[in-house]
Amino acid sequence: MDDRDQSQPDPAGPLATVAEPVSLTRVVDETVLLDSDSGVYYGLNASGADMLDLALAKNSLTEAVAALGELYEADASDLRADLLELLARLSAAGLIDVRADLARDIEPAAGRQAPPE
Amino acid sequence: MTLSQRQGDRRRQSDVTRFPQRGAGVLRELFSGRAPAWPDLTLAESEELLAALEYHGAAPLAHEAVCRGGASGVPPEVIDRLHRAHLSTAAENQVWLAERGAVLDALHGAGVTAALLKGAALMDTVYSSPGLRPISDIDLLVSPAQQATTLAALKERGYERAVTDAGPFEHHVLLHGTGAGGMPVAVEVHRRLFASPPYDAVLPTDDLLARAERGEDGALRLAPADALAHLAGHLVLQHARGERLVWVADVDRLVRRHGHEQDFWSGAIEVARSSMLLRSLGDALVLATLWFATPLPDDVAAVLDAEPPMPAEAAAYARMRRRAPVGAEGDRLLSDVQGVSGLAAKLRFAALHLAPPPRTMREWYGLDRSWQLPVYYARRALRGLAHIARRPFRAGSSGALESPELWMIDHDA
């Protein structure tokens, strides 16, 4: 595991960005992601939507996990694992581009589950 | 789920067009911000209610209201169905929004002034989320002088006319295209707001475009007072006895968005009065208050209650409310002819519809041999006469006028 100080804002930008053919929209407290190339759309439930929002907004994993901790009562390590797993699944589905330095962190999670649908 | 699967689901939807009475009651409370207890419905009743909600384009609204804690005891399978409708509408509307932007860019590039109408105008301005308002096409109002340029620009973008020659009397032209992800999309280019006389002559297009307002997104939309009059006429007259709840929701959201603005109500009443839509405006607002508890200022209600429509409007209203549904074209033509002023104009109007130009006939009926033309003219006339002959036996063609709110509910269910 990378032991860099991830609390420092990274000038490289947010943890993830929405992939080029994908658009997002809110449905109550959920998020719908549409891949406009394939016409496939995915729904993220409320916690998944919050995680994605934070991944798109925060520049460090630590910041994102801390913000998640304010929303959900759970161990930071569990939140971190859940966040990485979600990013892995969305990345595997081509819905988001994960920042290059995080790619190694999400690789183990990438093969575990099919993308959400 | 893919957009094309969703389109297929929509085509398979049942034709439940009216709300069962018990379900309608709970929906009204739900949409009005009260917190009703969900009724104990049988599976068939529940299915009928959901099918009606989908037909009326109101499933996303119901889902949002339920999520906001608007009803207790809603069965999980009902929530799941509403949820899926909401998600898919939200996904589809992302395609529609992108397509709308591309179409407006193409028209702007061609020098066309086009105003968005109905759902395409309202989905992201008066609704809190675009996913709440399903749309089936992008309605545009374009000056008759710019129709040809508009159609050429849309053709350039890959759109094809559903019917190449829509005839000289059509108030809009329908074009089909393909949006992102292969989703079928459609554009309706309107040369005027209403099809039937005398409403084809009210609210001239160039005046509406001159008053239209440009939004933050750069798109042109009807001025709010004009938009309300249009929504009212579209709901109460153009789709008489085929009203859909989503159009009532449009009225509600537009009023909630603009009702506090100075001159909105006086402007809307003035537009409605001058375009023979005063009673339609009153009906539309009654529907909106009934289903959505739309806030209506007392003085506006008083004006609409106190001011009876002029005789010409009353006659036009009655004729439109009794007009035959789409399909009984001869019957509809008879209604429309009655709305034309002057004998010569009536005859011209009837002749044009009964005997459209040969080019139009060939397109409509797929005629490729010269001998077919007279046969199909005769067939068209005979079918029209048959519709007219059946008119006395058609429900709603005579007798007392039923209020629009009665037509959306199945009182026998």
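Guide: Start with a definition: two strands count as paired if DSSP finds at least two bridges between them. Strands of a sheet pair through backbone hydrogen bonds, either parallel or antiparallel. Keep in mind that this is a predicted model. Chain B averages a pLDDT of 90, and 95% of its residues score at least 70.

Now the sheet. In chain B, seven strands form an open sheet. Their order is S4-S5-S6-S3-S2-S8-S7. The pairing is mixed. Look at the two edges. Strand S4 (160-161) and strand S7 (213-214) of chain B stand there. Each has a single partner strand, so one side of each is left without a neighbour in the sheet.

Next, follow the pairs. Strand S5 (residues 172-178) of chain B runs antiparallel to S6(B), with seven bridges between them. One bridge joins Val173(B) to Val189(B) in S6(B). S5(B) and S6(B) make a hairpin, and five residues lie between them. In that turn, Gly181(B) has a positive phi of about 70 degrees.

Move on to the next pair. Strand S6 (residues 184-190) of chain B pairs with strand S3 (residues 138-142) of chain B. Here the sense is parallel, over four bridges. Glu188(B) in S6(B) is the bridge partner of Asp139(B). Then comes S2. Strand S2 (residues 114-117) of chain B pairs with S3(B) in the antiparallel sense, again over four bridges. Leu117(B) stands opposite Asp139(B) in S3(B).

Now turn to the helices. Take helix H14 (residues 311-321) of chain B. Its buried residues are Ala316(B), Tyr317(B), Met320(B) and Arg321(B). Seen down the axis of H14(B), they fall within an arc of 125 degrees, so they line one face of the helix. The face turned away from them carries Pro311(B) and Ala312(B), which are exposed. The buried residues of H14(B) pack against helix H9 (224-238) and helix H12 (278-292) of chain B.

Compare helix H2 (residues 21-31) of chain B. Gly23(B), Ala24(B), Val26(B), Leu27(B), Leu30(B) and Phe31(B) are buried there. They cover an arc of only 170 degrees around the axis, which puts them on the same side of H2(B). They pack against several elements of chain B, including helix H3 (43-55), H12 and strand S9 (409-410). Just after H2(B), Gly33(B) takes a positive phi of about 90 degrees.

Last, step back to the neighbouring chain. In chain B, 20 residues are in contact with 14 residues of chain A. Helix H1 (3-11), helix H4 (59-67) and helix H5 (76-109) of chain B each supply at least two residues of the side that touches chain A. H5(B) gives the most, with seven residues. That side of chain B divides into 11 nonpolar residues, eight polar and one charged. For the complex, the predictor gives an ipTM of 0.75 and a pTM of 0.88.

The domain assignment of chain B gives domain 1 (3-91) and domain 2 (327-393). Their C-alpha centres lie 40 Å apart.

Note on methods: Residues are numbered from 1 along each chain as its sequence is written. Chains are lettered from A and ligands numbered from 1 in the order in which they are written. This is a predicted model: local features need pLDDT of at least 70, side-chain atom pairs count only at pLDDT 80 or more; totals for chains, interfaces and linings use all residues. Two residues are in contact if their C-beta atoms, placed from the backbone, lie within 7 Å. Ala, Val, Leu, Ile, Met, Phe, Trp, Tyr, Cys and Pro count as nonpolar, Asp, Glu, Lys and Arg as charged, and the others, Gly among them, as polar. A residue is buried if 20 or more other C-beta atoms lie within 10 Å of its own, exposed if 12 or fewer, and partly exposed in between; C-beta atoms are placed from the backbone. The arc is that of the directions from the helix axis to the C-beta atoms. Domain bounds come from an automatic or database domain assignment. pLDDT is the predictor's confidence in each residue, from 0 to 100.
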